[in-house]
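This report describes a protein model part by part. Please keep the sequence and the structure in view while reading.

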Amino acid sequence: MDDIETAKAILVIGSNTTECHPIIGLRIKKAVMQNDCKLIVAEPKHIRLCYYADKWLQLKPGTDVALINGMMNVMVEEGLADDPFINDRCECDRYDELKAMLKDYTPEKVSEITGVPADDIREAARTFANADNAAIIYAMGITQHTTGTDNVMTLANLAMMTGNIGKPGTGVNPLRGQNNVQGACDVGALPNVLTGYKPVTDPETREKFEKAWGVKLPEEPGLTATEMMSAAAEGKIKAMYIVGENPMLSDANLHHAEKALKNLDFLVVEDIFLTETAQLADVVLPAASFAEKEGTFSATDRRVQRVRKALDAPGEARPDNEIVADLAKRMGYEMANVEPAAVMDEIASLTPQYGGISHARLDALPDGERLHWPCPDADHPGTPILHTEVFTRGKGWFAPAEWQAPAEQPDKEYPLTLTTGRVLWQYHTGTMTRKSDGINEIDPHGHVWISPDDAEKYGVENGKKAVVTTRRGDIDIEAMVTERVPNGVIFIPFHYVESAANILTNDVVDPVSKVPEFKVSAAKVKAK
Amino acid sequence: MEQIKVEIDGLACEAPKGSTILDIARANGIDIPTLCYDPRLSPYGACRLCLVEVEGARALLPACCAKADDGMVIQTTNEKLERIRKTLVELLVSDHPMECQGCSKSGRCELQRLADKYGITESSFTGEVHEYDLHRENPFVMRDYNKCIMCGRCIRICREVQGVGVYDFVNRGFKAVPGTPYDRPMQETPCEFCGQCISTCPTGAIKARPYEDFGRVAALDMLRNACAYFKMPEEDMMKALGLESWVTRTTCAYCGCGCQLDIHVIDNKIVEITSPVMVGSGQGNLCVKGRFGYDFVSSSERLTRPLIKKKGKFEEAEWDEALSLVAKKLGDTKKKSGPDSIGVLSSARATNEDNYLIQKFARAVIGTNNVDHCARL
């Protein structure tokens, strides 16, 4: 992350960086303002970063693949690809296949799909390809689509084609939306892998963990969070244990999520507040907050950092590790390690990427030093940049992807495209920020952003309540008439329980990643 | 990188070419006083406190701006330099309220430290002094121009680091202050309330309202008054009192940037959040959530006891009862419908260690791979 400042071009796509990752936003701004970096922002609505951008590509929601393919088409046509890198580091026949597919993505054709002028696509492609080192930064605007996996693959194609991998100031950099998404994935809080992304289907992996844990492990991959909700609605999942999550505000299509959770025979929720989800529970367990316990978080750049206890938890609230170990014991299993430092040692012993990481080592790091996984042993300095010599799989694999329209298209009845996201002031489902007086004075409630033309067309007034409806449901929400969204697109942040955007969103998922399409739903709006 | 050799106060130092005299001195443990300098900002050279004497130079050089050359011989302190510095501090003090007791910056104030160092309690320069009203029109940033020394750090950090530029010097001469356009309230400017200006202000001119106005803690006032009375910096005072553990270094719990926080706690309540300068991904910079968004920790709505729903209503319960019930229900479900009829959702907010134990619980205790978290949402 520290080397973002050294990039000579940055493509920010599907990330409102200054509001959702403000500190990474600072790095991007510094690169632009002080280090002559060219900034390309691909984003349907006008975000603050557009003020700093050399080029703002205002694409229609859900047309990312087409846009990037269009940029790559220009690079091939104008001979801007990094051929030595492709020959050395990538599988060339895959590149030929990509080139063949790109022929159809002329800037003119892409312009029709995306709404971005053809010359802007050309210029952006030249700027990106001609920079000595160019980085791609993306977030949920890329992944929260039915084509999320294709979107990411296409960005990887772009980075490989221009040789922008494995050096400072380059790469395909996903920004993780929550403090420890990275870490939760690393340590196996996923249905298909154990720690270090080792598949549960691999007998050797299972054997290693079975030996360490002294139990027989299930062989089939489990259900993802979105699949669990569907299974609960169908009655296949009968009981759930939910720790520190609020699917009753964060899931797509909330009415469906509510039905699913209410259909459970037994629900236990462990949290710091009585969240919308906890209210549906049979048992609620009070947990300690991050400031009341020891541990580690892994930041979006794989930097592992300490979390330390600053104060005591209120009342009888207990840290998650103690609760889950206690529960395990009552169910007949004694957890070998419960104390956070010892648990990290256990993780290190089972996870090569974390092999050299321990609380003692992190505590001993001098100010300003940091440790990124992979860090296989105690002497390893950590790895801030991946793929410097070879890709993890060996040769780079181009995965050409054709553009596919989002699952829901605007039509006569639902003429608008609804997209969702965050604003600077609030965070996720608001369980934390909405308890902050100052923040709520500045940002008391949500708004639906609508363009002046659309506002007039649908009779919606600035500052007045509007009703937004999709095929999933409807919400009342104050309208903000603004030129920051283009005609035909409305935006609603999803933090606010009283006007929960996710009542509206579409729970259709990407077939590979199972991420719902939060970013595109067909909607209509009228004055209340 | 090419190295150069210089001599500072008789000490031979080596540094990469392009370093400033101040960089090299601080790296070698030599303190040169500054007021307008912040390592997050480009050098400004306004306060002149860092003037040093370089052999063969025509004039005194500001150490923050002057690049060191190979072979330079530098003196950072001598009678002449100290006399100049003392005069500079006296000039600043001449229009600065010096009753430090009661000021929220006492113990951390850079001007206070310098005044103490030079033994200045009041200025020998007298004349007109400013009397401004406090600016407290927004919930986060409070401005007290009476304490402003015109170092421009707030203006520069807002522009250079935050890239916003809410402040600039308005008015001229004696009436100049770092103000907003047309003296508008900050919520009517593009201000993002990151509080970077608060973090860089060397005096009590810019303060965090959530910690200084609404959430002011009596114990903190006592600490500051003691710092003023005994002329001690805050960290030395807390150390002397055996309370240095009031500050805990940890990682922010909001987005995935991983900024480092220093949480200040008194009586089990968070009284301030700061970020260590030049450490971690934020380098001392935070956003509105990281700096001000932690009231939730001590919120009265926090869950403090286990709850069990009986006849549609939550009733408080003992841990033993609640956990036994959960263990029994999960155990029964597993027995009756198989382990895959149970789903576990872990949390992207929880620590690595907690997540590890939760997935281990799902797999080893329940016997299912139905474990996930909200990475996709």
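In general, the strands of a sheet pair through backbone hydrogen bonds, either parallel or antiparallel.

Which residues cover the two faces of β1(A)? Ala9(A), Leu11(A) and Ile13(A) lie on one side, Ile10(A) and Val12(A) on the other, and all are buried. A residue is buried if 20 or more other C-beta atoms lie within 10 Å of its own, exposed if 12 or fewer, and partly exposed in between, with C-beta atoms placed from the backbone. Because 5 of the 5 residues of β1(A) are buried, the strand is largely enclosed by the rest of the structure.

## How to read the model

This is a predicted model, in which local features need pLDDT of at least 70 and side-chain atom pairs count only at pLDDT 80 or more, while totals for chains, interfaces and linings use all residues. Residues are numbered from 1 along each chain as its sequence is written, and chains are lettered from A and ligands numbered from 1 in the order in which they are written.

Helices (H or I, at least four residues) and strands (E, at least two) are DSSP runs, numbered from the N terminus.

## A helix beside the strand

Helix α2 (residues 22–34) of chain A has 13 residues. From its first C-alpha to its last it reaches 18 Å, close to the 18 Å expected at 1.5 Å a residue; the expected span is 1.5 Å times one less than the number of residues. Just after α2(A), Asp36(A) takes a positive phi of about 60°.

Is α2(A) mostly covered or mostly uncovered? It is mostly covered, with 10 of its 13 residues buried. Among them are Ile23(A), Leu26(A) and Val32(A). The buried residues pack against β1 (9–13), α1 (17–20) and β2 (38–42) of chain A, together with α4 (153–161) of chain B.

## A sheet built from two chains

An open sheet of 7 strands has the order β14(B)-β13(B)-β8(A)-β7(A)-β6(A)-β15(B)-β16(B), with mixed pairing. Its edge strands, each pairing on one side only, are β14 (313–316) and β16 (371–372) of chain B. Helix α11 (residues 352–366) of chain B packs on the sheet, touching β6 (239–243) of chain A together with β15 and β16 of chain B. The direction of α11(B) makes about 165° with that of β15(B); axes are lines fitted to C-alpha atoms, for helices over the stretch in contact, and angles run from 0 to 180 degrees between N-to-C directions.

β6(A) and β15(B) run parallel and are joined by 4 bridges. The partner of Tyr241(A) in β15(B) is Val344(B). Val344(B) also stands opposite Val371(B) in β16(B). Strand β15 (residues 342–345) of chain B pairs with β16(B) in the parallel sense over 2 bridges.

## Where the chains meet

How many residues does each chain bring to the contact? Chain B gives 99 residues and chain A gives 121. Two residues are in contact if their C-beta atoms, placed from the backbone, lie within 7 Å. On the chain B side, α11(B) gives the most, with 13 residues. By class, that side has 51 nonpolar, 32 polar and 16 charged residues. Here Ala, Val, Leu, Ile, Met, Phe, Trp, Tyr, Cys and Pro count as nonpolar, Asp, Glu, Lys and Arg as charged, and the others, Gly among them, as polar.

## Backbone details

Most residues other than glycine have a negative phi, and most peptide bonds are trans. The peptide bond from Trp373(A) to Pro374(A) is cis, with omega near 0°. Pro374(A) sits in the loop between α17 (359–364) and β11 (416–421) of chain A.

In chain B, Met150(B) has a positive phi near 60°. Met150(B) lies in the loop between β6 (141–143) and α4 of chain B. Because Met150(B) has 18 C-beta neighbours inside 10 Å, it counts as partly exposed. Lys231(B) has a positive phi of about 55° and lies in the loop between α7 (218–230) and α8 (234–240) of chain B.

Terms used: Two strands pair if DSSP finds at least two bridges between them.
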